[in-house]
Amino acid sequence: MSIKGVCPVLAVPFTNKGEVDYESFRALCRWIIDIGAKSTLFFGVASENIKLSDPERYQLLDILLTERAGSDLKIITTVADHSSELAVIRAKDYEAMGVDYINILPPTFFGPSAAQIDFHLESILKSVKIPVVIQHLPQAGGMADVTGLINLASKYENLKIIKCEANPPTESIKTVNSLTNGRVRTLIGWGGIFWKEGVAAGADGLQPGCGLTDLYLWAERALLAGDLKEFESRLDRFIPQVARWISNLELLIAAEKDVLCRRGIIETNYCRNPTVSLDSQTQKEVQEILELVDEVQANV
């Protein structure tokens, strides 16, 4: 079992009072499944994970697991606790709930040493039996070199995927593929702005935000058909906007949530504070995205 293609990171909808909108989240889960996504990542940065309480996280995950029943959607859940002890508890909880993969965001707060990061990762790897994804996010601090994660793969068979998020991720992808002889697979994140470079380097897929999932799937159809020129042409219709938004992660979250709201998938575009307001340029880009969605849907 592996994760391939477009694996969107689910947003968390809120009411205008800032409370979790569980019914909108149900609708979002159903939409992701209905448009053909085969996997999803939950509790990513785009989920506003850092702004959720534990009871909210567990209730949301329970809804996601319930809604995916009867589908072939694979669920990857993120463990982002800074404490190793808490991270192990959460990973075991998520495994018991029935997720398919654990995604580990390595700790970076207060600049932990390489040995401390290794301890954290190993603690989680040996606590669960299901496959594990580890994010290599050097721009957040922590591990600058992906080879440290590859060393863990030689000790733990359940380390199956490394999500390469260096900018650009090409050298990390090539290093993972070469040093593990392809046993450890790779995904890319960071909005998929390096998708074509990642594909060329050998990545299996990408994990963007969920607001434009059907546009990523539209681009993927050209890629799977072997039409690289059309693949790149389709990317050029929306990736430049994503690349600008992701220069500020709060802007990316707010813009994608505005897209979801204006498409009627969720009820509001509310983001928990601290957040940002959409400037006129972003509002124009959101409108361009909505027009592209209409164009793509009209030609399906």
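Mentor: We start with the model itself, then go through helix pairs, one proline and the cysteines.

Mentor: This is a predicted model, in which local features need pLDDT of at least 70, side-chain atom pairs count only at pLDDT 80 or more, and totals for chains, interfaces and linings use all residues. Residues are numbered from 1 along each chain as its sequence is written, and side-chain values use heavy atoms, leaving out hydrogens and water.

Trainee: What describes two packed helices?

Mentor: The angle between their axes and the distance between the axes. Axes are lines fitted to C-alpha atoms, for helices over the stretch in contact, with angles from 0 to 180 degrees between N-to-C directions. Helices are DSSP runs (H or I, at least four residues), as are strands (E, at least two), numbered from the N terminus.

Trainee: At roughly what angle do helix 1 and helix 2 cross?

Mentor: Roughly 40°, with the axes of helix 1 (residues 22–34) and helix 2 (residues 54–67) coming within 10 Å. The two helices are therefore oblique to each other. Angles under 35 degrees count as roughly parallel, over 145 as roughly antiparallel, 65 to 115 as roughly perpendicular, and the rest as oblique.

Trainee: Which residues of helix 1 and helix 2 make the contact?

Mentor: Helix 1 brings Tyr22, Phe25, Arg26, Cys29, Arg30 and Ile33, and helix 2 brings Glu56, Gln59, Leu60, Ile63, Leu64 and Glu67. Contact means heavy atoms within 4.5 Å.

Trainee: And where does helix 3 come in?

Mentor: Helix 3 covers residues 84–97; its axis and that of helix 2 come within 11 Å and cross at roughly 25°. That makes helix 2 roughly parallel to helix 3. Asp54, Arg57, Tyr58, Leu61, Asp62 and Leu65 of helix 2 meet Arg90, Asp93, Tyr94 and Met97 of helix 3.

Trainee: Is Pro107 buried or exposed?

Mentor: Buried, at a relative accessible area of 6%. The cut-offs are under 20% for buried, over 50% for exposed, and partly exposed in between (1.4 Å probe, protein chains only). Pro107 sits in the loop between strand 4 (101–104) and helix 4 (114–125). Beyond its neighbours within four places in sequence, Pro107 contacts His82, Pro112, Ile117 and His120.
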